[in-house]
Amino acid sequence: MSADLQVEESHMTSIDVAPTTTSAPLVGHWIGGAEAGSATGGLFERRSPLDDELVYRLVRGTAEDVDVAVASALSAGAMWRAIRPMERGRQLQRIGRLMSASIEELCALEAADTGRTVEDVRGGIVSAIEFFEYFGGLVNAEHGEVISLGDDYHVYTRREPYGVVGVVTPWNGPLNQAARAVAPALATGNTVVVKPSEFTSSSTVALARLATEAGLPDGVLNVVTGTGAVAGEALVNHAGVSLIAFTGSVVTGRAIGRAASDRVVPVILELGGKSANIVFADADLEAAVASAVRAFTYNAGQICIAGSRILVEKEVAEEFTRLLLNEVASVRPGESMGPIITTSQFEKIQDYFRIAEADGALLRAGGRVATRPGQFIEPTVYSDVTSEMRIYREEVFGPVACIVPFSGEDEAVRMANDSAYGLVAGMWTSNLQRAHRMAGRLEVGQVLVNEFLGEHVEVPFGGQKSSGLGREKGMSALRHYTQEKSVVMRIAAGQ
Ligand code: NAD
């Protein structure tokens, strides 16, 4: 394992807690079109990052529960893939419409699970709905091709569903991340079992319920709740699962990649990042500052694409830093910025404050827990950071950024690419030729020019290097959720 990623492993903690008898909502599996408990797994508690109040009790899924869910998905498979694609598309559109009609409920569930405000989670939920609208309209877009071998042959390719797709999601944008995989998987004729994060499961279970209410046949979309170590592992190792779509940390992604390679099944891995946000001297500095702050404070920095390495051209570095620190001072934990969603993540961010100090980075803002109840961290900025420092290299997954000056395009490219990750890179410039030149040289899956945080369901998204494998979103997702078959038919006369 590279030094960049070591700290993540040391924070893989369990959330095992004692069962409770309170009347907090019970969140559990959705299998075969109905709620389902667990015969043996018991329950555990999700507590709010705001005040430690009990949010829900979660059914702790077991390998047996995963068996039942996969069996349900397998039994619905032949029927679902045989349906005319246009009809599958209409069904996805109906799910999108019911999600829209239920948006307040979905936002409220996700807000309670994450501690964010309803308004703060709304953008991610709107995009979750758009995944169903978009892929519902694309069901006929992925065609095979006809290949010429001369008049004696008729040769063509088909794109076919894999069968059961196992989807495993993290806690930072739960419904959005589930919808991003579920919608294209269903559009292409697969059936699905989702294992959402144990910390934020309720909106994903609600999605499955709404899908059933919208007419999705039983068994086509199932959810098993529980921990990664038990339900997650059982799902990715299940012989009935033919494709795994995972979003989460690099450490877990590697484990899932190993499990998939043992069974020789494909994986889509959407992992972490340490994204560079590159500001050239010719940029609209005010726009760049406002966006750069949002790029590492939105969802308190708990986004995989967070622009946590702000690279600024030397000529404007001083002015940019002054403007940025001004803007950072207006970000208020608990008002304009939400909490850290899990307790282990809250502790991990504080570890990074100690690491950055020991490594000699200069603290310019924040660097501490906010003085208010709840798991809030002050937005934090470091300067005088060198490329060897862990704060420069490792994903913090909190509202923490470093500012580093550079001279010219070549140095910007070298510094941006000096990372084990390669998810996205931002760039601020008014020079279009430079923007295109740079876009070709950056080792990332997505380059964002003069914007950073747009959520565009139509645009392929995924990582290079340790940030992942495969692509979600856009037409690319249709290819990743289907496998190609070629049919070679000899039609020569006289056979
Ligand atoms: P995580 O890897 O700890 O957990 C993600 C999911 O995997 C959870 O549902 C968990 O229960 C499950 N899991 C854990 N161990 C497992 C195992 N051995 N087998 C099967 N499933 C297992 O990640 P997290 O802490 O929930 O999320 C934070 C990470 O996710 C960050 O690194 C972030 O960058 C990444 N992320 C990436 C994207 C992206 O699109 N690239 C989006 C959001 C988050």
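Of the 28 residues around the ligand, the ones that come nearest are Thr169, Glu198, Ser249, Leu271 and Glu395; a residue is near a molecule if one of its heavy atoms lies within 4 Å of it. This is a predicted model, so local features need pLDDT of at least 70 and side-chain atom pairs count only at pLDDT 80 or more, while totals for chains, interfaces and linings use all residues. Residues are numbered from 1 along each chain as its sequence is written, and side-chain values use heavy atoms, with hydrogens and water left out.

Sorted by class, the shell has 11 nonpolar, 11 polar and six charged residues (Ala, Val, Leu, Ile, Met, Phe, Trp, Tyr, Cys and Pro count as nonpolar, Asp, Glu, Lys and Arg as charged, and the others, Gly among them, as polar). At least two shell residues each come from α6 (174-187), α8 (228-236), β11 (241-247) and α9 (250-263), and α8 gives the most, with three. Helices (H or I, at least four residues) and strands (E, at least two) are DSSP runs, numbered from the N terminus.

A polar side-chain atom of Glu198 sits 2.6 Å from one oxygen atom of the ligand, and for Arg180 a polar side-chain atom is 3.0 Å from a ligand oxygen atom. Taken alone, the ligand exposes 850 Å², and the protein buries 90% of that (areas come from the Shrake-Rupley method with a 1.4 Å probe; for residues, only the protein chains shown count as cover).

Leu149 lies in the loop between β6 (146-147) and β7 (153-161). Leu149 is partly exposed, with a relative accessible area of 49% (buried means under 20%, exposed over 50%, partly exposed in between).

How values were computed: Polar contact = N/O pair within 3.5 Å; in protein donor to acceptor, adjacent residues only side chain to side chain. Buried < 20%, exposed > 50% of the residue type's maximum accessible area, 1.4 Å probe, protein only.
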